[in-house]
Structures are given as structure tokens and as C-alpha cells.
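Please read the following note alongside the sequence and the model. Each numbered point takes up one part of the structure.

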Amino acid sequence: MPKLSYLKAMNRALADSLDSDPSVFLLGEDIRVAASNLTAGLLSRFGPERVLDTPLSEQAFTNFATGAALAGMRPVIEFQIPSLLFLVFEQIVNQAHKFSLMTGGQCKVPVTYVVTGSGSRTGWAGQHSDHPYTLFAHVGVKTVVPATPMDAYGLLVSAIRDDDPVVMFAPSGALGVREDVEFTTLAPVPLGVGRVARPGRDVTVVAVGQLVQDALAVADELAGAGVSVEVFDPRTVYPFDLDGLAASVAKTRRLVVIDDSNRTSGFAAEVLAVAAERFTLAAPPRRVTRPDGAVLPFALALDRAVQPGREQLVAAINAVLEDK
Amino acid sequence: MTADDLGRTGPDAVTVDLYRAVRLIRRFEERAIEFVRPGEIVGGIHPYLGQEAIAAAVCAALTSADVITSTHRGHGHVLARGADPGRLLAELMGRETGLNKGRGGSMHAADFSLGILGANAIVGAAASIATGAAWAYRQQGRDTVAVAFFGDGAMNEGMLLEALNLAALWRVPVVFVCENNGYATTMPVESAVAGSITARARAFGMPAFTIDGQDPETVFKASTAAVARARSGKGPMFLECLTYRFDAHHTFEHRARLDYRSPDEVAAGRSRDPVAIQGARLSDDERAAVDSQIETALDAAAEFALGSAHPDPADPLKYLYAVMP
């Protein structure tokens, strides 16, 4: 069976979307030469009017996409650096996201914002290593964080077809993930529907993006010690698949969240709040996150020390299992 | 090329139409202000009084297939584009029958059926939206022109300068209309803009002219030429229309007693009144007929708005998403 990489899956999702819908076009910095590899081969296939290289003008070209969407197009913007989203937070959150409500439903803004390589990129330091999906979930922008190549394909296709703005975070730590895929089985994955990445009985671990791989590795490791870990991958952090998580927790009654966000008001905090409101748990839930207010330091040992990791996850799982 | 070479004065029909438009905007605004005080319009408005010639004349130069983006001071643009005064007033009053079903209010009035892609409350934001829309329509094979209205304050927003660059670079059919009323809220343009506004636009390689924004026919000539140029594929043009805001930045300003313009300055500014300038081109009878039609229409608009239902409080987030899983 052919191996499909995460990045190649996204590339394929873009190609299929450009191919099937003439209103789809791509814009972004250095996409003509595919600096991040996301758009490799697309210029020669679809031409410079549909693979539009932009000057370094993030704020204007993000609103430009909104204008094009209002005129009936489906723009896809690539941001190669997650922190650029801070620069265009106004254009996404205060413009694109609000247009539908503010106009009383007169228009839709189907723009997709793809961040290729979000989170720690190993040695890119303070201004290139954020993973700001929580911010978009907080304001209610549809936010997806695929963990696998098949999901990267399926969620990107769905994001492009969706009539609302959608931010898709492709974590740096997931870009190298490969999986065996029969290409004919690639299909859209609906937004807002999570998946059980590994079934288990004793504890539910909610993991996002690249951390799904860590959670699966920990589950393997603990299986040897007789602990059965269920890994729940929400895939879309907003809207969140509450029913999917409820079904999992109803079975395990114990919950740990591993989340590459800062701790205060992070995504994990939201999941724990939901658990407190809705679930009956056998032990207080735990979360593994970046520290409060974290900025990623440059030195590798310090960068790694800020990342939520496997050892912390094992400790959190053990803690909720011991807590009677 | 100078502004005087830009085009010819339109036929007499245009003269009457321009008067009708500036008069409608003037009276709509005056009546809207009367609804602010008793609280029928919550949140107040940014009156367009004094700037009517620009909206009226620029929109008169467009076809029904063209589009505009507007600003926080947008009622004039929306009316000039043909929006129903009753539905605009209902929007200002937050009624379900408003243009935006009461969800947008004064600063977000939009009517997509008329090519009004929305008033926008973030200074300079809409110019990049207009640029993207115009580019997209061209890609679709349509000859749509977009007009972006903004004020002098927007000339210091980086996003607007980025949009000028994109538009010129890609020869986008967009016309940039800067309404220089002399103040960004209370900041005089002389204290805010280094160099000149049109020189900034010219630096991006587009023609840019400073014109008298108080004379509707002057604005009509210049904008007709700018729209024709954009439609012919030659790219964007920039018009700086010199105007004066007769009233406050916002209807709350009187309460705050802000002191930044001398009575002499305001009187001098008000002496060049676009409604009077255009009205002088009509006979007394013609003018009286138009005025009377407008009062009748605005009476009906007020009755419609005041009689309209408020939105159901159970629906505050209706329309937030086009689709939601």
C-alpha cells in the first residue's frame, strides 16, 4: 500500500479542490516556488492566477481574500509561520468571521487559512513557534488541527468546501507523519466530528494534532503495564465534538488532556470545564500543557522543556488512575 | 493629465439626480440625528453632513453591477447606491426589517443585492476587501469596478497602503476615494499625514488627483473618468476629495464637549454646502419638487422603521455561521 505523508496529503487536497471547483484559488507568500512544499507542482498545473504569489502584505491580502470570497470565490491562504496569525487576527476574527452575522446573513466568507508548520519547529525561537489554535476556538472561528495524513486531506477538503472561514493548523510535529493509504479511499472528513484514535477502558486521553502520536505511544507503553488508554482526537477544536468525548468518558470515567497551548484559558482548560459541567468522573481530570504565558526559548533544551511531553502525560495518567 | 481633463459634465438628468441624492442624504441624516436623542437609535451615528457630494457623485458614476465598500460614516454611500431609506433607518434602529436585520447597525450597513459590500468600522479595512472583490470579479470575466471609500485618517493605516500596492501591482479595477474632511476624529490632517495624500498613492504607480469634494459635478466628472479607466483594464485610480464634516465626528461628541474646531472654521466649512451648490443648478420649481418627494419618502421611511418589529432576543447569534456542523 502506498505511503502518504501529511504534507503530501494537504498538497493533494489543494490539487483536488482546485481541480474540482473553479472558484478555489490559493494565495500566500512564496507559494509559487512552494517554499514550504505545500503547493509543490500546483503552479505548473493551475497557473499563476490560481496560485497567486503575494507580496509581504499579510493584512491586506487576508482582507483581499475576504473580498474575493464575498465575490463568490473560495480562497485558501497559506501562512508559513504561525505567528503571522497574530498580525491578521483582526482580518480573520474581526472581519471575515463577523461578516455573516453583521450583515444579517446576506453573505458568506468561505476562506481557508492554512498554517503549515504550527507549534515548535525546533530552533525557530520566540516569534516562530506558537501554536495559537486556542485563540481562534475562543472567538468561535472554525478551527481544525489534523493529526494524520488522511485527516489532513479530509479536513482540508471540508474546510475549503465550508461556507465559513476555517483556520487549519498543520502542526510542525505532524508534517512528517506518514501512513499507508489507498489513495482511492481519501475522502472529506466532516468538521466537528472527533475520532477514537485508539480504544481503551481505563482513561480517556484527549490529544490534539502532533500530540496524538505521543498519546498513542504512551498508550502502547502503558498497555504493557496493564493500563488501557483510550485516545480521543477531536480533529476540530471548534466546534468541539462533545458527544464523541462524552461517549468515551462514559466508558472510562477518567480524563487527561494533552494540549500544546499555554495553560491559562487554553484548550485543555476548556475541555476540563466541559468535563466538570457534564461528566461524572471517578477522579479529578488532569491536563498537560505548555506553562502559563509560555514563550518558546531558543536553546533546544529549553524549547523541549516547554513542550507538553510523554513523561508528563504518563504522570498525569497515573495520577488520575491512582486518585480514587 | 489634470482633474479638469478627466471627463465631461453629464446631461441635465444627472444634474437633477445629483441634487436628489445629496438632498436625500442630507435630510436622512438630519432626521436620523433627531432619532438619536430620544433613544430610538441606540449607539448614535457618525453624521455624513457636508460630505454628501462625494457619495452621490461617485455612485452616480457606477453601474448596477459595480460594488462599493464603505466606512463607519457610511449612510451616504449606502443611500447613494440606492438602498431603501426605510430599511436603512430600520437598521439604525435595530429592527428586524433593517438592511442587516438589525444585526449590523449604523457602522455595518450592507445591501449585497445593490453591490454594497458593507460599511466597515475598522479604519482602512474595507479598501483591501474592495480590492479582493474587484480582482475576483475580473477573474470571473465580469467587468465590475469596485469603489473603496475611506477617510483621511485611513491614509496612516498600513493595511490601506498594502492594498494600494496590491491593486496597482495587479491592475485591479478598483477606485480609491479618500474623503479628506480634515479630521481623523479630532486629529487634524496636517498633524497626522506627513507629505501629501495623493503623493502616497502616486508612489504606487497610480494616477491620483485632489479635487473639490463639495461640488457634486466636479466629483462626478472625476469619478466617471476613474471608473472608466478601471473598467478598461488600466488599473486603479485614486481620488482625494476635499470636503468638510459639518457636524460632530459622532453624535456623542456634543455630550463630551470636545473642543477642536473654531466656530469660524466650522462656519467657513459650512459655507461651501454641496446641497446648496447643486441646488443652485436647478430651478426653484425643480428643486421644490425634489424636496417634496424626499420629505414624503422620508416620512414613509420613518413610519416604516418605527413600526417595525425588534429582533427576537432568543436569536442573538442567528447568522453567525453560514453553516454549522
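Does Arg254(A) count as buried or exposed?

1. At 14% relative accessibility, Arg254(A) counts as buried, a term that means under 20% relative accessible area, whereas exposed means over 50% and partly exposed lies in between (1.4 Å probe, protein chains only). Arg254(A) is found in the loop between helix 10 (242-252) and strand 13 (255-262) of chain A. Leaving aside residues up to four places away in sequence, Arg254(A) touches Asp202(A), Val203(A), Thr204(A), Leu281(A), Ala282(A), Ala283(A), Val320(A), Leu321(A) and Asp323(A); contact means heavy atoms within 4.5 Å.

2. This is a predicted model, in which local features need pLDDT of at least 70 and side-chain atom pairs count only at pLDDT 80 or more, while totals for chains, interfaces and linings use all residues. Residues are numbered from 1 along each chain as its sequence is written, chains are lettered from A and ligands numbered from 1 in the order in which they are written, and side-chain values use heavy atoms, with hydrogens and water left out.

3. Helices (H or I, at least four residues) and strands (E, at least two) are DSSP runs, numbered from the N terminus. In strand 7 (residues 166-171) of chain A, 6 of the 6 residues are buried, so this strand is largely enclosed by the rest of the structure. In a regular strand the side chains alternate between the two faces of the sheet. Here Val166(A), Met168(A) and Ala170(A) point one way, and Val167(A), Phe169(A) and Pro171(A) the other way.

4. Two strands pair if DSSP finds at least two bridges between them. Strand 5 (residues 112-118) of chain A runs parallel to strand 7 of chain A and is joined to it by 6 bridges; Thr112(A) has Val166(A) as its bridge partner. Strand 6 (residues 142-144) of chain A is also parallel to strand 7 of chain A, with 3 bridges, and Lys142(A) stands opposite Val166(A).

5. Helix 3 (residues 58-70) of chain A packs against helix 6 (residues 158-169) of chain B at an angle of about 70 degrees, with their axes 8 Å apart. Axes are lines fitted to C-alpha atoms, for helices over the stretch in contact, and angles run from 0 to 180 degrees between N-to-C directions. The two helices are therefore roughly perpendicular, the word for angles of 65 to 115 degrees, with under 35 roughly parallel, over 145 roughly antiparallel and the rest oblique.

6. Helix 2 (residues 52-60) of chain B is mostly covered, as 8 of its 9 residues are buried, among them Ile54(B), Val58(B) and Cys59(B).
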